[in-house]
Amino acid sequence: MYVGLCLSDPHPDRAGDGSPSRTLSAAYFAGRYHLVDFMLSNMVNSKIYNIGMILNSHYQSLIEHIGMGKEWDLARKSGGVTFFPPYHADERRSVNNELDGPLQRAAAFLAESHHEYVILADSSVVCNIDYRPAIEAHKKSGADITAIYTKKHITAGEREHLIVFKISENGKVIGVDKAGDLSGQINLSLGSYIIPKKTFIQLTAGEKNCGMMHFSKTILAGALDRLVVAAYEFRGYSAHICSPQTFYHYNMEMLDTEKRNALFDFEGRMIFTNARDSLPTKYGTSANIRNSLVADGCQIEGTLINSIICRNVRIGAGAVVKNCILLDGTIVEKNASLDCIISDRMVIISENRNMMGYRTYPVYIEGARVI
């Protein structure tokens, strides 16, 4: 009855984690997860097993990560994951200007399906939500569309990228805009909508831009005068990854046990990811670990404080890593010192190197670099 439609890069003009070579939904989170894991897990936990992924650019790592979808119980004869990559009709134009390819093919895919409703989801949003209560609320409301939102305070760096709703006393969305200069607790869009299939196809007919900002602020806002849009509040943990600063901020929030449990153990629902048969992490006799998340396959001999370490990272003896996010395969050699650094995959930090950023402006190191 329901089909999921995920935007793999809902903010195509921004690199969410700093990497120019990785689509946003393939960005890492909490050491061993990717952003797309949360939306796929939410769909599956809500018994939605037919999911379309609208791709933008640099999506190879995303496809490799999802594969056939086995870890999410999506390797099925009927249903599963369908990818909609962009066409390269004219190599002189950027892929971002050719987004009508995947969007219109997704609409054709929906038109041929027997499903009645579309669950449109923003893959840059980290949350643990069961869509079934929202679907039931949508049916009872009699609304044309249901928009899912949450009430929260946001940081100054997020205001430019996020959408807020103006909600009437009877629970209807009557305004859509950017967060802008709003302060305090706001009605923040969670980037998820419950839409009848026919309505979605009509709204997106001929559209060339499949970014979430465009859908919310242009398509949805333009339809408020003729469609009834109900608001459904989600009260769990949520994070919007839309810039390197938000990527760093919300990853670091996972060092807080209460917030980590609020995401990964919310109402007993699990978050699934691509499993790897890696060896356990090896800690040397001189290793000193404090308040850090360390994935499997690592070798730690130095000091690690308030940091998130992905798979197969090596930290040499005498090295000090503080307030950092180190992605797969990073090597920190002996006596190096890092503070507030985001290292992409396969980075090598040479012996005795010292690098420091700030919590509000972490330093990002591109992948496969030797420093």
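This report describes the fold of one protein chain, working from the whole chain down to single residues.

## The chain as a whole

The model is a predicted one. The protein chain has 371 residues, and 56% of them count as buried. Its secondary structure comes to eight helices and 28 strands. The radius of gyration of the protein chain is 21 Å, which agrees with the value near 21 Å that a compact globule of 371 residues would have. Along the principal axes, the C-alpha trace spans about 65 × 45 × 45 Å.

Among contacts with a separation of 6 or more, 58% are made by residues 24 or more positions apart. The charged side chains number 39 positive and 39 negative, and the centres of the two sets lie 2 Å apart.

Strand S6 covers residues 117–122, and six of its six residues are buried. Where do its side chains point? Tyr117, Ile119 and Ala121 point one way from S6, while Val118, Leu120 and Asp122 point the other way. In a regular strand the side chains alternate between the two faces of the sheet. In S6 the residues pointing either way are all buried.

S6 pairs with strand S1 (residues 2–7) in the parallel sense, over six bridges. One of the residue pairs is leucine 7 with its bridge partner in S6, aspartate 122. S6 also pairs with strand S11 (residues 186–196), in the antiparallel sense and over five bridges. Valine 118 stands opposite isoleucine 195 in S11, and alanine 121 has serine 192 of S11 as its bridge partner.

S11 is mostly covered, with eleven of its eleven residues buried. Strand S8 (residues 145–152) runs antiparallel to S11 and is joined to S11 by seven bridges. Here the bridge partner of threonine 150 is leucine 188 in S11.

| Strands | Sense | Bridges |
|---|---|---|
| S1 and S6 | parallel | six |
| S6 and S11 | antiparallel | five |
| S8 and S11 | antiparallel | seven |
| S22 and S25 | parallel | two |

## An open sheet of five strands

Another part of the chain has five strands that form an open sheet with parallel pairing, in the order S16-S19-S22-S25-S28. Which strands are at the edges? The edge strands are S16 (293–294) and S28 (363–365), and each of them pairs on one side only. Within this sheet, S22 (residues 325–326) and S25 (residues 341–343) run parallel and are joined by two bridges. Isoleucine 325 stands opposite isoleucine 342 in S25.

Leucine 55 lies in the loop between strand S4 (50–54) and helix H2 (60–66). Is leucine 55 buried or exposed? Leucine 55 counts as buried because its relative accessibility is 1%, and buried means under 20%. Leaving out residues up to four places away in sequence, leucine 55 touches Ser8, Leu62, Ile63, Phe83, Phe84, Pro85, Pro86 and Pro102. Leucine 55 and valine 320 are 265 residues apart in sequence, and their C-alpha atoms are 39 Å apart in space.

Glycine 69 is placed in the loop between H2 and strand S5 (80–84). Its relative accessible area is 0%, so glycine 69 is buried. Beyond residues up to four places away in sequence, glycine 69 touches Leu74 and Ala75. The C-alpha atoms of glycine 69 and valine 363 are separated by 34 Å, and the two residues are 294 residues apart along the chain.

Isoleucine 163 is found in strand S9 (residues 163–167). With a relative accessible area of 7%, isoleucine 163 is buried. What does isoleucine 163 touch, not counting residues up to four places away in sequence? The list is Val176, Asp177, Lys178, Asn187, Leu188, Ser189, Met213, Ser216 and Lys217. Isoleucine 163 and alanine 179 are 16 residues apart in sequence and 5.6 Å apart in space, taken from C-alpha to C-alpha.

Notes
Residues are numbered from 1 along each chain as its sequence is written. This is a predicted model: local features need pLDDT of at least 70, side-chain atom pairs count only at pLDDT 80 or more; totals for chains, interfaces and linings use all residues. Side-chain values use heavy atoms; hydrogens and water are left out. Helices (H or I, at least four residues) and strands (E, at least two) are DSSP runs, numbered from the N terminus. The radius of gyration is taken over C-alpha atoms; the globule rule is 2.2 Å times the number of residues to the power 0.38. Buried means under 20% relative accessible area, exposed over 50%, partly exposed in between (1.4 Å probe, protein chains only). Contact means heavy atoms within 4.5 Å. Lys and Arg count as positive and Asp and Glu as negative; His and the chain ends are not counted. The place of a charge is taken as NZ of Lys, CZ of Arg, CG of Asp or CD of Glu. Two strands pair if DSSP finds at least two bridges between them.
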